[in-house]
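Dear colleague,

Below I am handing over the structure we spoke of, together with its sequence. Please have both open while you read the notes that follow.

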Amino acid sequence: MALYAELHRHLGGSVVPRVLWRYLERSSSKLLSRFADYSAFEEFFTRSRSTLDEYLELHTLVESVQNAESLPYFIYRLLRGAYIFENLAYLELRYTPYLRTPKHLSQSKRIDKMAEIVEVVGQASQLQEYPIVTSQILCMHSRLPYEVNKAIVDLAAQNTKYICGIDVAGGDSYYADRLSEWISLYDYARSLNVKTTGHLYETTAGCYPELLPYLMRIGHGIQIPLLYPELLKDVAKRGQCLEVCPTTYLKTGTLEDIRQLKLVFDRCFDAGVDIAICTDNAGLHNVRLPFEYENLLTYDIINFQQLQACQDAAFRHAFAWPYGQRPASLLNGLLKPDPMKALAMRDN
Ligand SMILES: [Zn+2]
């Protein structure tokens with residue numbers, strides 16, 4: 001049995017359209033009046049956008065309904081789906097906790113409330129019936145002020161029970177104005193032993209070589225092999241892994257054809273750079289992790305051997321996978337013990 005690790009999934013984008021629709025119905029949300037029926041809603045929710053900005057607007061819609069009260073509802077359904085349909089053994093869920101706190105509060109009160117949100121997400125993720133190892137990545141946000149982003153790093157350093165790292169999100173074209181700030185935040189995070197990833201080199205407007213040395217993994221990073229392959233040598237040397245999310249690039253207009261990813265994989269394999277294949281926003285895309293794998297095979301972007309190398313890499317680069325091996329090796333001992341012993345145990 002193959003069990004998978006998912007390293008790049010947003011809490012907001014992981015809600016599948018049907019679950020969000022039911023939630024809006026149950027809570028008699030005013031948002032419903034914007035859509036004639038469910039299929040109009042699903043169409044709106046999952047259609048491709050022409051830019052990353054337009055695509056990220058959708059997150060604000062989901063964020064507006066995710067708060068301390070509703071998060072357990074969404075997380076329960078998210079983990080149930082991930083366990084039943086995606087065979088996930090490990091899941092890192094990322095989000096900006098500040099954006100789940102009540103909007104009417106002051107900035108400092110909202111900062112104080114972030115710890116509660118992390119606790120709610122952490123507790124809601126412990127499900128006996130769907131045993132997936134989960135951890136949280138807190139996203140700093142390109143549109144939030146320094147104080148909030150610093151508080152996000154501090155929270156990640158304090159709560160290692162539920163948090164395994166930090167990220168920066170919100171559109172990679174916006175980092176330019178405050179680049180020294182992002183460098184200092186990442187430097188600060190590393191000084192506190194917080195693990196780091198970051199949305200970088202996703203679009204052509206988001207290429208900042210100055211930030212690369214601070215990251216342990218690179219969120220997307222596809223523009224490195226595509227436009228700056230000369231950087232791959234250092235990426236390999238630093239042992240950084242690319243979190244490649246194939247469907248995203250079509251939904252955001254970053255790539256026109258999924259086959260453009262062949263160059264990404266080929267150049268990374270050649271340079272010895274690991275890739276973890278991820279979904280980013282499985283709900284918004286209506287595409288689950290095994291389908292991302294299958295698509296890459298179908299389009300001859302990678303072969304089975306390369307797929308398995310990427311699946312292994314995901315466990316190796318996971319920030320909070322507690323075992324030395326991927327689950328296949330652990331399960332082999334359970335599922336394929338000595339047949340005579342197994343029979344004897346059964347008959348006793
Ligand atoms: Zn992302």
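Predicted model: local features only at pLDDT ≥ 70, side-chain atom pairs only at ≥ 80, totals over all residues.

Residues are numbered from 1 along each chain as its sequence is written. Helices (H or I, at least four residues) and strands (E, at least two) are DSSP runs, numbered from the N terminus, and two strands pair if DSSP finds at least two bridges between them.

The pair above belongs to E1 and E2, which are joined in the parallel sense by five bridges. These strands are part of an open sheet of four strands, in the order E1-E2-E3-E4 and with parallel pairing. Its edge strands, each pairing on one side only, are E1 (4–10) and E4 (163–169). Strand E2 (residues 88–95) pairs with E3 in the parallel sense over six bridges, and the bridge partner of Leu91 in E3 is Thr134. Strand E3 (residues 133–141) in turn pairs with E4, again in the parallel sense and over six bridges, with His141 standing opposite Ala169 in E4.

As for burial, a residue is called buried if 20 or more other C-beta atoms lie within 10 Å of its own, exposed if 12 or fewer, and partly exposed in between, the C-beta atoms being placed from the backbone. Eight of the eight residues of E2 are buried, so this strand is largely enclosed by the rest of the structure.

Strand E6 (residues 217–220) runs parallel to E7 and is joined to it by three bridges, and Gly219 stands opposite Glu243. Four bridges join E7 to strand E8 (residues 274–277), also in parallel, and there the bridge partner of Glu243 is Ala276.

Within E6 lies His220, whose phi is near 75°, a positive value in a residue other than glycine. Most residues other than glycine have a negative phi. His220 counts as buried because it has 26 C-beta neighbours inside 10 Å. Asn286 also has a positive phi, of about 60°, although it is not a glycine; Asn286 is placed in the loop between helix H12 (282–285) and helix H13 (289–298), and counts as partly exposed because it has 15 C-beta neighbours inside 10 Å.

Which residues of helix H11 (residues 261–271) are buried? They include Leu261, Val264, Phe265 and Cys268, which cover an arc of only 90° around the axis (the arc being that of the directions from the helix axis to the C-beta atoms) and therefore lie on the same side of H11. After H11 comes Gly272, with a positive phi near 75°.

Finally, the UniProt annotation "domain: Adenosine deaminase", from an unreviewed entry, covers residues 5–319; such annotations may be inferred rather than shown by experiment, and UniProt positions are given in the numbering used here, with feature names shortened. Over residues 5–319 the chain is 47% helix and 14% strand, and the end C-alpha atoms are 11 Å apart.

With best wishes
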